[in-house]
Amino acid sequence: MKKFRKVLDGLTTSSPGGSTVGSPSCGSAAGTPTAAAPTPREIDVLETLVSENFQLCKTVRHGFPYQPTALAFDPVQKILAIGSRSGGVRILGRPGVDCFCQHESGAAVLQLQFLINEGALVTACADDTLHLWNLRQRRPAILHSLKFNRERITFCHLPFQSKWLYVGTERGNTHIVNIESFVLSGYVIMWNKAIELSTKTHPGPVVHLSDSPKDEGKLLVGFESGTIVQWDLRAKKTDFRIYYDEAIHSASWHHEGKQFMCSHSDGSLTVWNLRNTSKPVQVTFPHGKIQKDGKKESCKPILKVDYKTSRNSEPFVIFSGGLSYDKAGRRPTLTIMHGKAITVLEMDFPIVEFITLCDTPYNNEVQDPFAVVVLLEKDLIVVDLTQSNFPVFENPYPMDVHESPVTCTAYFADCPPDIIPVLYSIGAKHKKTGYSQKEWPVSGGMWTLGSHTYPEIIITGHADGSIKFWDASAITLQMLYKLKTSKVFEKPKQSEGRASELVDEDPFAVQMVSWCPQSRIFCVVGISAHIILYRFSKYDANTQIVALEVRLQCESEDVISPSENENNPCFSEPRSGSHSPQPHQQHPASPGGGTPEGVKDSALCLKVKDRVVRVPPGYQAELVIQLPWLDGEPPQQISSLDINSAYGLLALGNCNGLAVVDYMQKSLLLCMSTLDLYGAADPYQRLTRSPRRNRQSTSGLTELSDNQQSVDMERSKSPTSVKGPGRKLSLPTDLKTDLDHVNGHCTSPTSQLCSAGKPRIPTGPEGPRLARRGPGRPPFRKAQSAACMEISLPVSHTEGYASRRAMLQQLHGVAMYSHDEHHTTCWSERESRENSFSRSRSSSVSSIDRDTKEAITTLQFGESYGRKGDALPTPCLWVGTSLGVILLVPVSIPTDQDERMEEPVTIGPCGTVLMLKGSVLRFGFLDCVGALIQSPYEVWRDPNAPEDPDRPRKRKLVHHSPSSSQDACGEGHLAVVCSERQAKVFLMPSQSCLFVHNITESSFVLRADVVSVSNSVCLACFCANGHVMTLSLPSLRPLMDVSYLPMTDMRIARTFCFTNGGQALYLSSPTEIQRMTYSQEMYDNLQEMLGELFTPIETPEAQNRGFLKGFFGGTAHTFDREELFGEAAAGKGSRSLAQHIPGQAGVEGMKVAASGAVGELARARVALDERGQRLGELEERTALMMTSAESFSKHAHELMLKCKDKKWYQL
């Protein structure tokens, strides 16, 4: 615990020129306090957070496993495992039981084998390594690994209740591994002994291994070429060999062990009887019809077949593939043959693997299948076999996160407790029907609601314009409510000429969301430069959506070019009347008569429905704000957004400027270029280029109205941006190294630098294509989801600004001017005097200056002090730019409710300017005792609720004033500002910089947030080099710095977000959400919150076969595998063939006591516990056997007495 004593008032005596309070002159060392003048009033800020409060770890992963490769099921424990191409393993049980494991090698998982009811799992990976996972702990760990050196693993088989694993290889050999010790046995089935000596060709890799249900001592080995061998393990020779013309993909036994079925590459199924293996008993082509010429249709391979018997009906034959080649475009299928009935189930995605679930784990009993688990490339479904129409089970896991590619995420912890039930009740009305009525069959494990839970909601935005609200409480994930933003717009019309090329566009793709849980107001930013404002209602309604156009295009006449003598820029008050708010207009003017030429040449990417529409309960659209095309130029993407329900205001910004909308009066209050926001307080000298005033009045930053020629509006305009026939607004798939860097939002992937005063004309093949695209079409091809971004981020400045700019271009998508580009040449000389922004005007730098813009990168409403002399806090808008500049814009709002709907809101920049290094990312506000100040909000009220004459509806506002809790410590508050390089703490209203911390010199911050952790507040940052850092507030003292993601990529960078409670999330793959914590408290409680994968369950006993059936049908022969495969009989396996690697974990407590007497004692204690457990199980089994024997003796005696005096023919 550390006290920081700082002077917080009386710093207004410094001159305006020397009060560049946000400049780096405040200090450069980490957490450096800045000098302050004496003051009669001092306060104490008590910081409670220390490094011990932080611990970084992954918590849980949600969604569908990306690129799945393997599937396994434990029929006793009833848990499911899915392997992936990246080396991940997801283990699923009942809802809440969801565990993710990762192989360190990252090699693809080829096959999974459960040790049934033993709490263990064997994985075979593409790097020819076998791993044994211990599932008896909440976080599974590898116990043993076995690396094959000379042969490649192709197939594995582990018989039920056996400790010997059969491993087939690419060379055709079969090795045997002891599961307990994980070492090779000396017993090997060599391929040349399995086939006849006269055979001249190699049989190919082993593709199938299974033991005979009739005799465990017989092993069926299938080779890829079509050769099948039954190997007698005792006699070490073959019983029979089958040579078939077509390649084999799989085989499946009948439970009696007298015949088996094979699937082949020509789409055929063959049935073989052990009495006569010279030819198949039956050959069928399930999907191959006889053509007119008498020949069979050629069919695709049947990749897998399951042959399962049933007590009360015909056997089930289930297989994937086998369709005829001539039917192009047919979807992948799973075929179920039950007697004479053939049912073909079409799947949305290719089938990776399927497993038939049966009632018994024994392969020599009637199987009675009841379900089929089908693993698809992008989905997991379970088919109910007990009903004739084969319905699917409703999946309780959140496997549809990627139903449409995820483009943005938001995470809200500690939400109002009533919001989740409300959203669930609305969303439940739109659930799909037709599912099986039976319970989900994967029901293993145990999970209980932990004591450390609170309401959490995750919001995902998608490429098709849909929004999903998820209940993320208690580290689970369940979908609550789905919103489709595309319903606000008319369907886009197909344009002529290139209509076919534009089919795949995603004009509704979601870029950003803003949500106020208290007022339930929700805003969506779309890729077509539109914002939709939603209000929540429990009632349906007939409504007409209001559309508002905002022109944020500007000309590139004003260019940034700091002067040589600008060492100490002076931030003074603005010139009188230079930035008065623009008049607001609710309805845009028609492009018809009376409008300037530039206004005529405008069009919208999407058309809002202009009729009254019926909207269901839930989120209902109220207002749509759109940025139109102007003069054939598409609008720049919206890079920042904030909404405040207490003020009734919405602010948006992009690389051209800032706009503020009063959504209560449906009017535009402010529309200014970034340059005009400065006024006389501009820290840079802007040099104008070719005067084009004839264009300024037509395509400046104006509203859509006929009366737009006022002086104030002309002052708020700025020149139009560099013209071009088209610029993609999509998240780009290609990177260009000459693009300008942006901080957290966007760039122009196709823009090209142009000479002064000349319009930009795209060159190369992209140019003509874009030129043909009309202004009525969306300015993009296809919205690329955050899930699809796989480009690695630069981790140091040595990779050059170009690669970093390219990365940020890919991350965000709009051409904007960067603070770092502006100061590239002068960082070294400014280290000593960081307040200076002077530098020489080199040709290389000026070329950057002339063609880039300063973007609005972050916005936040709040109660603050707009000017130094303010005595009381007032509503303000904090504006951050890509040049590291902070602007304060005071807002005057009528307080009376009736006046609020009639009187105009006044807003205008006041000239207050603060500065940091790098683009501004985040604002946060603390009171003078270090507590977080929440933004004011309006308490939710249903807009469509019936009117009550006795209780008129009034707005109820909740204000968290900065001065409410500081009567004893004076007025004012602290403003925390974080940029991609630096963090600063300012005292308001004096605007003094109290603390400054240079977060990183070798990288840059991608995401930052002021969050509450352990009943205190800190600043959390995620850097491009993968580091996650936390800083104390207000002193900015480093508390944690962990290299979390050594190989970051664009997907993670775009979707990473922090929230309160020490939690964060990101999209770890295109289909999965990874949650993590950096709180020690949550780390300590994580074991309690995770589910148990293994639960003690008695293994079901095998059925009695009966005397007559055993006498005539032959009993299942049992044999001791230890005698055959053990070291005494078979010797040791070759050490050069496979290398044993001991696991790094086992019992988690062993890590601490792994050496010395303590470690030995711990191991002995664990061994003793296991031995006691096994003795207890043995005692129970002995008692059961004694009881069974007594019962058998009693029944035998009764039968003997009954049949004692009867003749043989009377029996």
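Predicted model: local features only at pLDDT ≥ 70, side-chain atom pairs only at ≥ 80, totals over all residues.

**Entry: A1138.** I then placed A1138 in strand 69, which covers residues 1138-1142. Which residues is A1138 in contact with, leaving aside neighbours within four places in sequence? I noted L146, K147, F148, N149 and L184. I also looked up T129, which is 1009 residues apart from A1138 along the chain. The C-alpha atoms of T129 and A1138 are separated by 8.8 Å.

**Entry: aromatic pairs.** How many aromatic pairs are there? I wrote down 27. One that I followed up is Y166 with F1125, an edge-to-face pair with 6.2 Å centre to centre and 90° between the planes. Y166 belongs to strand 14 (residues 164-169) and F1125 to helix 16 (residues 1121-1125), so this pair ties together parts that are 959 residues apart in sequence. I checked their accessibility too, and both Y166 and F1125 are buried.

Next I turned to F1056 and F1058. Their ring centres are 5.0 Å apart with the planes at 70°, and since an angle over 60 degrees counts as edge-to-face, that is how I logged the pair. F1056 has 1% relative accessibility, so I put it down as buried. F1058 is buried as well, with a relative accessible area of 6%.

I also found a cluster linked by ring pairs. Its members are F412, F469, Y481, W515, F522, Y534, F536, Y619 and W940.

**Entry: charges over rings.** Where does the charged end of K304 sit? I found it over the ring of F354, 5.0 Å from the ring centre. I noted R61 as well: it lies over the face of F100, at 3.8 Å from the ring centre.

**Entry: cysteines.** How many disulfides are there? My count is zero. C978 is buried, at 1% relative accessibility. I looked up C523 too, and C523 is buried with a relative accessible area of 0%.

Definitions and conventions
Residues numbered from 1 in each chain as written. Heavy atoms only, no water. Phe/Tyr/Trp six-rings, centres within 6.5 Å; stacked < 30°, edge-to-face > 60°. Helix = DSSP H or I, 4+ residues; strand = E, 2+ residues; numbered from the N terminus. Buried < 20%, exposed > 50% of the residue type's maximum accessible area, 1.4 Å probe, protein only. Lys NZ or Arg CZ within 6 Å of the ring centre and 35° of its normal. Disulfide = S-S within 2.5 Å. Contact = heavy atoms within 4.5 Å.
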